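Hi everyone, thanks for making time.

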Amino acid sequence: QVQLVESGGGLVQAGGSLRLSCAASGRTFSTMNMGWFRQAPGKEREFVLGINWNGGSTPYADSVKGRFTISRDNPKNTVYLQMNSLKPEDTAVYYCAAPGRGTNPDDYGYWGQGTQVTVSS
């Protein structure tokens with residue numbers, strides 16, 4: 001069993017930045033591949049970024065290339081999503097997921113409750 005808790009969402013103006021955190025418990029965090037997804041109203045959940053257990057191999061969605069980065073701190077059991085140059089189209093609920101690899105949400109067994117990110121124009 002894995003518990004994931006996201007934090008750090010909020011309201012930000014276009015061009016601003018936010019850093020999301022996902023705290024994990026219940027399983028050895030350092031062995032898990034992690035992913036961030038997002039879901040906007042009326043849309044399907046989409047992959048944003050992923051990170052391997054060792055911090056490598058981070059596939060990304062084209063829509064966030066050059067603006068979002070993912071990182072992890074294994075001693076703190078936490079994965080981060082740094083979001084820069086935010087756009088209104090980034091508005092969504094952001095979810096942390098584990099363990100999994102790739103862009104398909106069905107490949108991830110555990111999900112957090114999500115954190116809302118709203119970008120105003």
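**Rings and a sheet**

Let's start with tryptophan 111, which is partly exposed at a relative accessible area of 26%. For the cut-offs, buried is under 20% relative accessible area, exposed is over 50%, and partly exposed is in between, with a 1.4 Å probe and protein chains only.

Quick housekeeping. This is a predicted model, so to speak: local features need pLDDT of at least 70, side-chain atom pairs count only at pLDDT 80 or more, and totals for chains, interfaces and linings use all residues. Residues are numbered from 1 along each chain as its sequence is written, and side-chain values use heavy atoms, with hydrogens and water left out.

Back to the rings. How many aromatic pairs does the structure hold? Five. Rings of Phe, Tyr and Trp (its six-membered ring) pair if their centres lie within 6.5 Å; planes under 30 degrees apart are stacked, over 60 edge-to-face, and the rest tilted.

One of them joins phenylalanine 37 and phenylalanine 47, edge-to-face, with 5.5 Å centre to centre and 75° between the planes. That pair links distant parts of the chain, ten residues apart: phenylalanine 37 is in strand 4 (residues 34-39) and phenylalanine 47 in strand 5 (residues 46-51). Strands here are DSSP runs of E, at least two residues, numbered from the N terminus. Phenylalanine 37 counts as buried, at 0% relative accessibility, and phenylalanine 47 is buried too, at 7%.

Tyrosine 95 and tryptophan 111 also make an edge-to-face pair, 6.3 Å centre to centre with 80° between the planes. Here tyrosine 95 sits in strand 8 (residues 92-98) and tryptophan 111 in strand 9 (residues 110-111), 16 residues apart. Tyrosine 95 is buried, at 13%.

Ring pairs link Phe37, Phe47, Tyr95, Tyr108 and Trp111 into a cluster.

Now, where does the charged end of arginine 45 sit? Over the ring of tyrosine 95, 3.8 Å from its centre. Arginine 45 also lies over the face of tryptophan 111, at 4.7 Å from the ring centre. The criterion is NZ of Lys or CZ of Arg within 6 Å of the ring centre and within 35 degrees of the ring normal.

Strand 1 is joined to strand 3 (residues 18-25) by five bridges, and serine 7 stands opposite serine 21 in strand 3.

Note on methods:
Pairing = 2+ DSSP bridges. Helix = DSSP H or I, 4+ residues; strand = E, 2+ residues; numbered from the N terminus.
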